[in-house]
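Please look over the sequence and the 3D structure shown here before reading on.

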Amino acid sequence: MIVLNKVVKVILSLRNMQCVVRKELIMKRLIQLKTIDDVKEFVDSAKELDETVLVSKEGFANQFDGASILGMMSLIGERIIVSCGKTSECFSQLLDRKQIV
């Protein structure tokens, strides 16, 4: 019983550490892409990143790759949640310009 308690404590502490790491690395922004040119610029910038850029329509749980031109075209004019880890300065500036305040 004592060994089992120690194993459970180790697992819980690892989960907590993992959650903390994920919180620090994941950035989320709410943006809106209003034109086809906006979408092309976003997809081109997302493709240049080493990190995966996940996007979802606001209010929906399904996420897909932000580097997918077809997926992004379906979100023109919608409020989009962008989730990603480390970004480039160029991509951060793009998100700043498209961010909904």
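The paragraphs below go through the sheet, the helix beside it, and some side-chain pairs.

This is a predicted model, in which local features need pLDDT of at least 70 and side-chain atom pairs count only at pLDDT 80 or more, while totals for chains, interfaces and linings use all residues. Residues are numbered from 1 along each chain as its sequence is written, and side-chain values use heavy atoms, with hydrogens and water left out.

Helices (H or I, at least four residues) and strands (E, at least two) are DSSP runs, numbered from the N terminus. Strands of a sheet pair through backbone hydrogen bonds, either parallel or antiparallel. Here, four strands make an open sheet in the order β1-β4-β2-β3, and the pairing is antiparallel; two strands pair if DSSP finds at least two bridges between them. The edges are taken by β1 (27-32) and β3 (64-65), each of which has a single partner strand, so one side of each is left without a neighbour in the sheet. Six bridges join β1 to β4 (residues 79-84) in the antiparallel sense. Within β4, R79 is the bridge partner of Q32.

Helix α4 (residues 89-98) packs on this sheet and touches β1 and β4, where contact means heavy atoms within 4.5 Å. The direction of α4 makes about 50° with that of β1; axes are lines fitted to C-alpha atoms, for helices over the stretch in contact, and angles run from 0 to 180 degrees between N-to-C directions.

Leaving aside residues up to four places away in sequence, E41 touches L94, R97 and K98. The side chains of E41 and R97 are joined by a polar contact of 2.5 Å. A polar contact is a pair of N or O atoms within 3.5 Å; within protein, one must be able to donate a hydrogen and the other to accept it, and residues adjacent in sequence count only if both atoms are side-chain atoms.

Side chains of opposite charge can pair when their charged atoms come close. A salt bridge is a side-chain nitrogen of Lys or Arg within 4 Å of a carboxyl oxygen of Asp or Glu, and the count by this rule is five. One of them joins D38 and K98, at 2.9 Å from N to O. D38 is in helix α2 (residues 36-48) and K98 in helix α4, so this pair ties together parts that are 60 residues apart in sequence. D38 is buried at 14% relative accessible area, and K98 is buried at 17%.

Another salt bridge is formed by E58 and R79, whose closest N and O atoms are 2.5 Å apart. E58 sits in the loop between β2 and β3 and R79 in strand β4, so the pair connects parts 21 residues apart in sequence. E58 is partly exposed at 35% relative accessibility, and R79 is partly exposed at 36%.

Key: Buried means under 20% relative accessible area, exposed over 50%, partly exposed in between (1.4 Å probe, protein chains only).
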